[in-house]
Amino acid sequence: MASKKEKAKKPRPEELAFLLNFARGRLRLGELHLREAELLIKRNDTPNACAHAAYYAMHHCAAAALYLEGKTGKSGMVVESHEHVLQHYAKLVEGEIAPLSETAEWLNQARALRVKADYGMVNGGATREDAHESWVNAVTFFKLFHERWTLDMPADEMENLSLTHKLKKQTKE
């Protein structure tokens with residue numbers, strides 16, 4: 001017989017609805033940051049802002065994945081800190097096949113670059129190359145998220161995200 005600690009707590013329907021709504025909200029925030037990163041990378045003169053936006057796109061996307069998996073931490077509350085999102089997300093994708101298993105490392109690299117961009121500008125900040133790599137990783141992060149998890153998002157809503165549409169076209173070619 002399993003002890004109380006060993007028994008998995010099954011979320012109630014209202015908890016599932018709460019987590020699903022949180023996941024949708026975080027994914028929308030991530031999409032906003034992804035669009036910002038897309039605009040900033042095209043400018044080619046704002047690598048710090050692009051690195052910042054690319055990181056937050058991945059951070060919110062990772063948080064959405066955690067909510068969809070019911071990963072709410074010991075307190076039963078939604079994981080919020082950057083460090084905890086990274087730790088829990090890394091555990092979540094640890095057993096997945098590449099490239100999904102690599103997304104935790106991309107998130108970690110993007111976080112380090114975001115810190116450099118936000119606080120290390122006196123010493124140089126982010127380079128254009130670093131920002132471009134972070135943006136590419138963010139775009140791929142979203143693509144992999146949508147391949148692995150679903151929020152039952154209507155197709156027309158997905159088509160409004162220009163990067164998703166571009167990724168679908170690239171995949172077919």
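Predicted model: local features only at pLDDT ≥ 70, side-chain atom pairs only at ≥ 80, totals over all residues.

Before I quote any angles: an axis here is a line fitted to C-alpha atoms, for a helix over the stretch in contact, and the angle between two N-to-C directions runs from 0 to 180 degrees.

**Entry 1: α2 and α5**

I began with helix α2 (residues 47-68) and helix α5 (residues 128-148), whose axes come within 8 Å and cross at roughly 20°. Angles under 35 degrees count as roughly parallel, and α2 and α5 are therefore roughly parallel to each other. I noted their crossing as left-handed.

Next I listed who touches whom. From α2 the contact takes P47, C50, A51, A54, A57, M58, C61, A62, A64, A65 and L68. From α5 it takes R128, A131, S134, W135, N137, A138, F141, F142 and F145. I sorted these residues by class and got 17 nonpolar, two polar and one charged.

**Entry 2: α4 on α5**

Then I looked at helix α4 (residues 103-119), which packs on α5 at an angle of about 140°, with the axes 10 Å apart. This crossing is left-handed.

On the α4 side I wrote down T103, W106, L107, Q109, A110, L113 and K116. They meet D130, A131, E133, S134, N137, T140, F141 and L144 in α5. The class count for this contact is seven nonpolar, five polar and three charged residues.

**Entry 3: α3 and α4**

How do the axes of α3 and α4 cross? I found them coming within 8 Å, at roughly 160°. Over 145 degrees counts as roughly antiparallel, so that is what α3 is to α4. α3 passes α4 in a left-handed crossing.

The α3 residues here are H82, E83, L86, Y89, A90 and V93, and they meet T103, A104, L107, N108 and R111 in α4. By class I have six nonpolar, three polar and two charged.

I checked the loop between α3 (82-93) and α4, where P99 sits. A98 and P99 are joined by a cis peptide bond, with omega about 5°.

The other note is for N44, in the loop between α1 and α2. N44 is not a glycine, yet its phi is positive, about 70°.

**Entry 4: space inside**

How many cavities of 30 Å³ or more does a search of the whole structure find? It finds one. The largest cavity holds about 40 Å³ of space.

Its lining is L40, I41, N44, D45, T46, P47, R128 and A131. By class the lining has four nonpolar, two polar and two charged.

I cross-checked this with my earlier entries.

Key. Residues numbered from 1 in each chain as written. Heavy atoms only, no water. Helix = DSSP H or I, 4+ residues; strand = E, 2+ residues; numbered from the N terminus. Parallel < 35°, antiparallel > 145°, perpendicular 65-115°, else oblique. Left-handed = near helix turned anticlockwise from the far one by under 90°. Contact = heavy atoms within 4.5 Å. Nonpolar A, V, L, I, M, F, W, Y, C, P; charged D, E, K, R; others polar. 1 Å grid on protein atoms, 1.4 Å probe; cavity = no way out; pocket = protein on both sides within 12 Å on 5 of 7 lines; lining within 4 Å. Points joined across faces, edges and corners; volume = space filled by probe spheres on them.
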